[in-house]
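This briefing accompanies the structure shown below.

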Amino acid sequence: MIRDITIGQYYPAVSPIHKLDPRVKLAGTLIFLISLFLTESVVGYVLATIFLAGVIKLSKVPLKFILRGLKAIFVILAFSVAFNLFLTSGEVLVQFWIFKITKEGVRTALMMAIRLVYLIIGSSIMTLTTTPNDLTDGLEKALSPLKKIKVPVHEIAMMMSIALRFIPILMEETDKIMKAQMARGADFESGNIIKRAKSLVPILVPLFISAFRRADDLAMAMEARCYHGGDGRTKMKPLKYKKHDFAAYIVLFAYLGAIICIRIFIG
């Protein structure tokens with residue numbers, strides 16, 4: 001389960017999506033997430049599915065690798081579907097004891113499940129096809145207008161990049177700690193949910209110690225390299241838009257326009 005989390009990881013490949021400017025991928029992810037909340041019709045979700053499938057195909061990231069990240073949100077997905085399925089009022093289809101399944105509940109639960117799955121996949125594609133350094137540069141460049149009002153854009157971008165980079169590192173560290181404790185007789189799989197949750201408590205102490213140690217090592221490494229923030233720093237590879245980046249923007253805004261039209265005329 002720990003190794004199934006794909007958000008924050010980078011999958012090296014040679015693809016049109018990998019070659020895009022990180023600002024394009026950030027904007028594309030934002031547009032896709034917005035489109036999921038704009039659409040409420042079957043036609044809209046079909047269009048979102050086609051768009052997402054096309055991006056996955058172009059990214060050359062194996063679909064199995066992307067879908068592996070959905071295992072980590074299975075519990076959240078199950079709770080979300082259950083709440084919408086049983087607590088939505090409307091035309092009753094099935095009723096047993098105090099529970100009832102309505103037509104509106106089935107529709108809401110299905111759309112909520114699809115939306116949550118697409119949110120995770122869409123966000124994962126951005127991190128899978130963008131290195132942490134490129135992501136930092138893209139965030140800093142995209143937020144650069146905020147510098148005029150004294151917002152520490154470089155520091156914000158750096159913190160977000162480090163946070164994303166630490167996700168797979170901490171997951172790997174957690175996996176190592178669990179295996180080490182299992183070798184000493186610890187049991188993380190038997191019992192009910194509460195017992196399993198309690199058995200995970202001993203993992204937190206060594207995990208926090210490891211996280212603080214890594215953070216301290218990172219801080220010392222940055223200080224040793226005379227890092228003092230973004231003031232006066234230059235880029236080894238300055239970000240510049242190319243023809244395929246503008247083409248990607250056209251496709252993105254065309255997709256968003258189509259979603260808005262579907263929202264207005266179909267619902």
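Which pattern does the protein follow when read along the sequence? The pattern is α-α-α-α-α-β-β-α-α-α-α-α-α, where helices (H or I, at least four residues) and strands (E, at least two) are DSSP runs numbered from the N terminus. This is a predicted model, in which local features need pLDDT of at least 70 and side-chain atom pairs count only at pLDDT 80 or more, while totals for chains, interfaces and linings use all residues. Residues are numbered from 1 along each chain as its sequence is written, and side-chain values use heavy atoms, with hydrogens and water left out.

**Overall fold**
- The protein contains 11 helices and 2 strands.
- Its C-alpha atoms fill a box of roughly 65 × 60 × 40 Å along the principal axes.
- Of the 267 residues, 36% count as buried (under 20% relative accessible area, 1.4 Å probe, protein chains only).

**Helices α2 and α6**
- The axes of α2 (residues 22–38) and α6 (residues 103–128) come within 10 Å and cross at roughly 175°; the axes are lines fitted to C-alpha atoms over the stretch in contact, and angles run from 0 to 180 degrees between N-to-C directions.
- The pair is therefore roughly antiparallel (over 145 degrees).
- Residues of α2, including F32 and L36, meet residues of α6, among them Y118 and M126; contact means heavy atoms within 4.5 Å.

**Largest pocket**
- α8 gives the most to the lining of the largest pocket, with 7 residues; a pocket is an open set of points on a 1 Å grid over the protein atoms alone, where a 1.4 Å probe fits, with protein on both sides within 12 Å along at least five of seven lines, and lining residues have an atom within 4 Å of a point.

How values were computed: Angles under 35 degrees count as roughly parallel, over 145 as roughly antiparallel, 65 to 115 as roughly perpendicular and the rest as oblique. Buried means under 20% relative accessible area, exposed over 50%, partly exposed in between (1.4 Å probe, protein chains only).
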